[in-house]
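Subject: Structure handover

Hi,

Here is the structure I promised to pass on to you. Please open it alongside this email, and my notes on it follow below.

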Amino acid sequence: MRLFPIAVALAGVAIAGSAMAAGRATDVDYLNAARCRGIAGALSADTSALDAFLKSQGRTRIDYILQKADDEQRRGARDAKSPGKSAAATAELSGPCQAFRN
């Protein structure tokens with residue numbers, strides 16, 4: 001009996017999450033996408049989907065978030081080129097970054 005309310009709550013969260021993905025991304029998602037763009041650029045991967053996401057989602061961002069996105073993009077590129085962090089950056093590009101490529 002206790003599992004039913006939990007299952008209903010989880011289903012509601014899943015539905016709400018997918019609805020939010022179709023609309024405006026959060027600032028954190030935008031910053032993560034900028035980092036992914038930096039990694040992809042440094043690894044000479046295709047960046048067209050990330051560029052389109054950042055362009056469409058960046059239109060209504062405040063200047064502070066846009067500046068932080070530039071910082072994250074540079075940090076992602078630096079991490080991708082760093083010998084100690086390049087494997088983790090490659091894994092990030094093929095893992096969490098795929099959410100921004102659709």
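Of the 102 residues in the protein, 27% are buried, where buried means under 20% relative accessible area, exposed means over 50%, and partly exposed lies in between (1.4 Å probe, protein chains only). Before you read on, please note that this is a predicted model: local features need pLDDT of at least 70, side-chain atom pairs count only at pLDDT 80 or more, and totals for chains, interfaces and linings use all residues. Residues are numbered from 1 along each chain as its sequence is written, and side-chain values use heavy atoms, with hydrogens and water left out.

First, the overall layout. The protein has 5 helices and 0 strands, and its pattern along the sequence reads α-α-α-α-α. Helices (H or I, at least four residues) and strands (E, at least two) are DSSP runs, numbered from the N terminus. Taking contacts between residues at least 6 apart in sequence, 74% join residues at least 24 apart; contact here means heavy atoms within 4.5 Å. The accessible surface comes to about 6,700 Å², with 62% of that belonging to carbon and sulfur atoms (Shrake-Rupley method with a 1.4 Å probe; for residues, only the protein chains shown count as cover).

Next, the cysteines. The structure holds 1 disulfide, defined as a pair of cysteine sulfur atoms within 2.5 Å. C36 and C97 form it, with their sulfur atoms 1.9 Å apart. This pair links distant parts of the chain: C36 sits in helix α2 (residues 27-42) and C97 in the segment after α5 (86-94), 61 residues apart. The link of C36 and C97 is left-handed, with -80 degrees about the S-S bond, and both cysteines are buried.

R37 also has its place in helix α2. Is R37 buried or exposed? With a relative accessible area of 19%, R37 counts as buried. Leaving aside neighbours within four places in sequence, R37 is in contact with T47, L50, D51, L54 and Q73.

Finally, the aromatic rings. A search of the whole structure finds 1 aromatic pair. F53 and F100 form this pair, which is tilted, at 5.3 Å centre to centre and 45 degrees between the planes. (Rings of Phe, Tyr and Trp, its six-membered ring, pair if their centres lie within 6.5 Å; planes under 30 degrees apart count as stacked, over 60 as edge-to-face and the rest as tilted.) F53 is in helix α3 (residues 48-57) and F100 in the segment after α5, 47 residues apart. F53 is buried at 17% relative accessibility, and F100 is buried at 10%.

Best wishes
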